Structure formats: C-alpha cells, structure tokens
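Take a first look at the model below. Trace the chain from end to end before reading on.

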Amino acid sequence: MQIQIGKNGLTDGTFELLANAFKNNNDVKICVLKSGGHEREKVKQMAEEIVNKLGKRFTYRIVGFTISVKKWKKDKR
C-alpha cells in the first residue's frame, strides 16, 4: 500500500490511515511530496515520528523521499 504526505504533514488522520493500513498489510510505503518538505532531514524526522507513534513492532527505511515502514511479528527495540 502507498500513502502520500503533502503540505499538511503528519496529522491525526495520517496516523489513523496508517493504523488501518497495517491491519491488512505488513509493508506500507509513504511518499513525501514536494509540498510536504523535500529535505532529507525533515523526511528522517517524519519517519522517526511515525515509528514512535505506531509502536515497537515497526521499523523504517528511507530511499530518496519514500519511507518504507515494516511491521514485525515481535518487538524490534
């Protein structure tokens, strides 16, 4: 599944969408659009915030301006 983050950034609706996406999927790709902030440091901060809100069973990987979030069966941290 693929989700896009635009100029509104990370909102409560974004986190609800992510929680619903992980009910059926183990991998979700999040594309950060130009209006969402095309700076590598900002993308990394977004990824950290997403994983912290979702919980210990999630990890992320950044490729360009795409954040791949993976759900594991066991806690990773």
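Predicted model: local features only at pLDDT ≥ 70, side-chain atom pairs only at ≥ 80, totals over all residues.

Residues are numbered from 1 along each chain as its sequence is written, and side-chain values use heavy atoms, with hydrogens and water left out.

Start with the elements. The chain holds three helices and four strands. Here helices (H or I, at least four residues) and strands (E, at least two) are DSSP runs, numbered from the N terminus. Read from the N terminus, their order is β-α-β-α-α-β-β.

Now the overall form. The radius of gyration, taken over C-alpha atoms, is compared with a globule rule of 2.2 Å times the number of residues to the power 0.38. A compact globule of 77 residues would come out near 11 Å; the chain has 12 Å, so the two agree. The C-alpha trace spans about 35 × 20 × 20 Å along its principal axes.

Next, contacts and surface. Contact means heavy atoms within 4.5 Å. Among contacts in the chain with a separation of 6 or more, 54% join residues 24 or more positions apart. Buried residues make up 30% of the 77. Buried means under 20% relative accessible area, exposed over 50%, and partly exposed in between (1.4 Å probe, protein chains only). The chain exposes about 5300 Å², and carbon and sulfur atoms supply 45% of that. These areas come from the Shrake-Rupley method with a 1.4 Å probe; for residues, only the protein chains shown count as cover.

What lies inside? In soluble globular proteins, nonpolar side chains tend to be buried together. A nonpolar core is a set of buried Ala, Val, Leu, Ile, Met, Phe, Trp, Tyr and Cys residues joined through side-chain atoms within 4.5 Å. The largest one here has 18 residues, and those with the most contacts inside it are Leu18, Val28, Ile30, Ile50, Ile67 and Val69. Two or more residues come from each of strand E1 (2–5), helix H1 (12–24), strand E2 (27–32), helix H3 (40–54) and strand E4 (66–71). H3 gives the largest share, five residues.

Look at Ile30. Leaving aside neighbours within four places in sequence, Ile30 is in contact with residues including Ile3, Leu18, Ile50 and Val69. Val69 lies in strand E4. Its relative accessible area is 2%, so Val69 is buried. The C-alpha atoms of Val69 and Ile30 are separated by 7.7 Å, yet these residues are 39 residues apart along the chain. Beyond four places in sequence, the contacts of Val69 also include Phe22, Val28, Leu54 and Tyr60.

The C-alpha atoms of Val43 and Ile67, 24 residues apart along the chain, are separated by 7.9 Å. Lys53 is also found in helix H3. Lys53 is exposed, with a relative accessible area of 54%.
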